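Here is a short briefing on one protein model.

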Amino acid sequence: MAKQYDEGMLSDMLPIYYSRHFPQSLFCRWLSCGNYPQPLANRELSFTLADDVYLRYLSISNQKELQTLFQKKCPHKLDIGPVYNIKPSIGRHDAIVLARELVFDIDLTDYDEIRTCCQEANVCDKCWRFMVIACEVINTALKEDFGFQNILWVFSGRRGIHCWVSDHDARTLDSPGRTAVADYLCLITGGDNQNKKVNLVGDNLHSSIRRSINIIDKYFNIIVQEQEFFSTKEGLSKLLRVIPDETLRKQTEETLDKLAPSSLERWEAFIQIYNQFCKHNNVRKIKYLIEEIKIQYCYPRLDVHVTKGFNHLLKSPFSIHPKTGKVSVVFKPENINSMKLDSVPTIHTLLDDSAKENTQHEANMRTAIKSFQEVVFLLEKTEALRRKTETSISLDF
Ligand SMILES: [Zn+2]
């Protein structure tokens with residue numbers, strides 16, 4: 001029988017976890033980014049200790065120093081900051097930020113408006129599907145639209161995912177550049193009192209939006225059933241509020257109201273009504289209504305402030321979430337679809353040989369470290385190649 005996770009035990013468990021399970025060497029190599037534009041020592045780490053004491057501007061020069069710092073301070077939370085022009089522990093507030101991964105933070109609490117299975121801190125495999133879509137949409141856009149290749153995906157430890165882009169161009173991107181990327185990837189706008197949050201315009205849809213809709217389409221019918229978007233009175237009226245044309249809205253309401261409360265049947269009926277309506281009416285205003293609804297219900301909801309900020313601190317890969325005990329595992333984006341929340345390793349099962357899940361969690365931890373290793377190796381290779389090209393160009397002149 002597995003022991004219940006107890007946050008009070010963290011101070012005893014963490015020193016063992018940091019020495020035996022945390023991939024210290026890979027972590028330092030990943031954070032170094034080929035020691036360019038500055039060495040590892042200029043990177044900020046921040047710790048939150050057991051008593052909520054918050055330490056900023058920490059730094060390490062190598063794995064040995066990391067291990068010492070872990071043993072001395074035993075951080076309950078471990079966050080990563082930017083790379084400064086000087087060692088942050090010396091320069092403190094005067095230091096200038098030179099580089100920082102381009103980061104994305106997607107959290108299921110931002111889906112509370114649309115998910116019906118859970119709310120707030122709760123999460124299940126049904127709402128995890130939103131993360132599957134988000135990961136595929138963002139990962140594809142980063143690769144195909146921006147040409148990035150050094151991309152790390154991490155489970156946040158509770159109810160979301162983080163993405164770190166370490167390509168040189170991404171790390172050195174300035175604030176306006178980060179804002180432009182965030183705005184480009186953000187299609188859902190407006191606060192709680194705005195019903196229709198997506199507005200697509202133009203004669204043709206941008207290829208990246210079309211591609212995102214194709215990704216959503218792979219999951220849309222499943223998610224419509226799992227979330228029962230349109231099966232309740234409230235769900236139905238939410239859909240109706242998104243329809244800007246009054247005639248179409250009335251027709252939809254009359255028909256769908258009479259149907260059995262099957263979310264998928266109602267959605268399919270709505271598409272038929274919409275198509276009939278478009279045959280006989282001027283449809284400029286609602287040309288992309290179906291696409292807009294799919295985006296509103298399934299497209300990634302990014303915390304754009306995290307992406308726009310040049311020096312935002314973000315939770316480290318392989319740190320422990322203090323509330324759940326779960327490891328922030330690295331995963332391959334192509335595997336997120338088969339990732340189950342129960343199989344994410346936890347600190348207490350990794351440390352307890354007799355726990356039922358111990359073997360499985362240890363195996364999953366090894367897979368996560370292997371995925372991390374692949375990203376680190378690729379980053380070092382890319383960085384070496386870039387430096388070589390840079391040197392040969394400068395020699396040519
Ligand atoms: Zn759920």
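A salt bridge here is a side-chain nitrogen of Lys or Arg within 4 Å of a carboxyl oxygen of Asp or Glu. By this rule the structure has 24 salt bridges. The model is predicted: local features need pLDDT of at least 70, side-chain atom pairs count only at pLDDT 80 or more, and totals for chains, interfaces and linings use all residues. Residues are numbered from 1 along each chain as its sequence is written, and side-chain values use heavy atoms, with hydrogens and water left out.

**Salt bridges**

- R159 pairs with D107, with the closest N and O atoms 3.2 Å apart.
- R159 sits in the loop between β6 (151–155) and β7 (160–165), and D107 in strand β5 (residues 102–107), so the pair ties together parts that are 52 residues apart in sequence. Helices (H or I, at least four residues) and strands (E, at least two) are DSSP runs, numbered from the N terminus.
- Both R159 and D107 are buried. Buried means under 20% relative accessible area, exposed over 50%, and partly exposed in between (1.4 Å probe, protein chains only).
- E113 forms a salt bridge with R301, the closest N and O atoms being 2.9 Å apart. This pair links distant parts of the chain, 188 residues apart: E113 lies in the loop between β5 and α5, and R301 in the loop between α12 (289–298) and α13 (304–308).
- E113 is partly exposed at 28% relative accessible area, whereas R301 is buried at 9%.
- R386 and E390 meet in a salt bridge at 2.9 Å, N to O. They are four residues apart in helix α15 (residues 358–396), so about one helical turn separates them.
- E390 is partly exposed, with a relative accessible area of 37%. Shared partners join R171, E383, R386 and E390 into one network of salt bridges.

- C124 is partly exposed at 24% relative accessibility, but C127 is buried at 0%.

**Nonpolar cores**

- The largest nonpolar core has 120 residues; Y17, F104 and I295 have the most contacts inside it. Such a core is a set of buried Ala, Val, Leu, Ile, Met, Phe, Trp, Tyr and Cys residues joined through side-chain atoms within 4.5 Å.
- Helix α5 (residues 125–144) gives the largest share of this core, 12 residues.
- Domain 1 (7–115 + 144–183 + 304–396) and domain 2 (189–298) both give residues to this core, so it lies between them. The bounds come from an automatic or database domain assignment.
- Apart from this core lies another, of five residues, among them Y57, Y84, V97 and F310.
- Beyond its neighbours within four places in sequence, I295 is in contact with L187, I188, V198, L200, I209, I213 and I216. Contact means heavy atoms within 4.5 Å.

**Loop residue S166**

- S166 lies in the loop between β7 and α6 (168–171), and is buried at 2% relative accessibility.
- Leaving aside neighbours within four places in sequence, S166 is in contact with W30, E101, N150, R171 and L379.
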